[in-house]
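Please look over the sequence and the structure shown here before reading on. The paragraphs below go through selected parts in turn.

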Amino acid sequence: MNDSLVEKRYFVPFVLITSLFALWGFANDITNPMVAAFKTVMEISNAKASLVQFAFYGGYATMAIPAALFVQRFSYKKAILLGLTLYAIGALLFYPAAQFQAFGFFLASLYVLTFGLAFLETTANPFILSLGSEKTATRRLNLAQAFNPMGSLLGMFVASRIVLAALESDKRNAAGDLIFPSLDEATKAAIKTNDLMVIRDPYVILGLVVLLMFVVIALVKMPPIGHSNNIHPIHSLKRLLANKIYREGVVTQMFYVAAQIMCWTFIIQYADNLEIDKSTAQMYNIVAMSIFLGSRFISTFLMKYVDSHRLLMIFALGGVITLLGTIFIVGQTGLYCLIATSAFMSLMFPTIYGIALADVGEDATLGAAGLVMAIVGGAIMPPLQGAIIDMGTVIGLPAVNFSFVLPLFCFVVIAVFGCRSKAVMS
């Protein structure tokens, strides 16, 4: 058996599908800062602004299983093309959403956009796993996933330098207070119109790029993987539910995604509590993502020598330590601890994914859907964290500091899974 990371015959499909990881990374990380942007522009609470994440990650939960069934009926390539179509539609809907100036319209646009992302993630992850030896499958997925933070970095840069820096509603006076809330209604309306167009434009351009990617993939021949009419979904689901590692992997993935989204979304609020403006705060997010990217390549290398289960547990415990600093150290050092947490998150998604699907055989397509549905963790917990932040102070700590007990708990769950999965599979 050929144990190379990527076989030569699969090189072009591998490169094209890997590029999709950057595409949804961009969507994820240009959207995270929009929670803070919409809060100011629309003059809403942190909890309500966090509905951005509820809509974004809720789309994954809605469409993951339909995407898996589509793959079984047709093929990975057709599912990817449908995913790109939905992605483009959702992004382009930002144009009318800005015209109507309706927060609910923006949420609906993000919801449709993530229908497309659900199709892409449900198909791309198992597709990458299938492009070569099972021995190198988890490493191959880690390599492909390394391109996700590259797209994320670009999304963060666009959010920081093109969106947040241009928002008139985020201007402050000499005392560091926002000017926008004190303005008259006519001035506010003009600023709101301007700022919503600033938010709109990157998404519309993104939609056009996605359509171009659709054309490229449509013209390239892909391995005929994914078509499997002989697998009954109900029987497949029963086998998956009977698989202990898979069950626990889905739950763990839900907690991981929740932790990731909370750490990256609310870094702006954490910095805001230190009187750092949104654009500058987003630069800290870019540093965090750069650390995440570097650590992803390092962890992929370490997997040649350290068992993936053990490495997952070690990294989760590292995240627990940095988040304790985030919670209990009030000030710039606490912010640095939050940034450092990204180093430990780097290997988690693909490693949990690979461990969970390691022994599911022909049920991998539906199994992948379950793991993509687990991304709903990013919809559930951020609004809860936003509600905690709105409290102001909790047990003598700034509420934004205390709110990171939620991702802290998530890392404990991940550490337990790393330990338990090692024990079960040994």
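**A walk through the model**

Helix α2 is followed by Glu43, whose phi is positive, near 55°. Helices (H or I, at least four residues) and strands (E, at least two) are DSSP runs, numbered from the N terminus. The model is a predicted one, in which local features need pLDDT of at least 70 and side-chain atom pairs count only at pLDDT 80 or more, while totals for chains, interfaces and linings use all residues. Residues are numbered from 1 along each chain as its sequence is written, and side-chain values use heavy atoms, with hydrogens and water left out.

Helix α2 itself spans residues 34–41 and is mostly covered, with seven of its eight residues buried. Buried means under 20% relative accessible area, exposed means over 50%, and partly exposed lies in between (1.4 Å probe, protein chains only). The buried residues of α2 are Met34, Val35, Ala36, Ala37, Phe38, Thr40 and Val41.

Two other residues have a positive phi. Gln101, which is not glycine, has a phi near 55°. Gln101 sits in the loop between α6 (94–100) and α7, and it is partly exposed, with a relative accessible area of 26%. For Glu275, also a residue other than glycine, phi is near 65°. Glu275 belongs to the loop between α13 (267–272) and α14 (278–302) and counts as exposed at 68% relative accessibility.

The domain assignment divides the protein into domain 1 (1–226) and domain 2 (228–425); such bounds come from an automatic or database domain assignment. The centres of the two domains, taken over C-alpha atoms, are 18 Å apart. Their contact takes 52 residues from domain 1 and 51 residues from domain 2, where contact means heavy atoms within 4.5 Å.

Next comes the interior. In soluble globular proteins, nonpolar side chains tend to be buried together. A nonpolar core is a set of buried Ala, Val, Leu, Ile, Met, Phe, Trp, Tyr and Cys residues joined through side-chain atoms within 4.5 Å. The largest such core here has 144 residues, and Leu20 and Met348 touch the most other members. Helix α7 (residues 103–130) gives the most to this core, with 14 residues. The core draws at least three residues from each of domain 1 and domain 2. Leaving out residues up to four places away in sequence, Leu20 touches Ile80, Leu84, Leu120, Met213 and Ile217.

Phe26 lies in helix α1 (residues 11–31) and is buried, with a relative accessible area of 11%. Beyond its neighbours within four places in sequence, Phe26 is in contact with Gly151, Ser152, Leu154, Gly155, Val158 and Leu206. Phe26 and Ser152 are 126 residues apart in sequence, but 4.4 Å apart in space, C-alpha to C-alpha.

How are α11 and α12 packed? Helix α11 (residues 233–242) and helix α12 (residues 244–265) meet at an angle of about 85°, with their axes 5 Å apart. Axes are lines fitted to C-alpha atoms, for helices over the stretch in contact, and angles run from 0 to 180 degrees between N-to-C directions. The two helices α11 and α12 are therefore roughly perpendicular to each other (angles under 35 degrees count as roughly parallel, over 145 as roughly antiparallel, 65 to 115 as roughly perpendicular and the rest as oblique). Leu240, Leu241 and Ala242 of α11 make the contact with Lys244, Tyr246 and Arg247 of α12.
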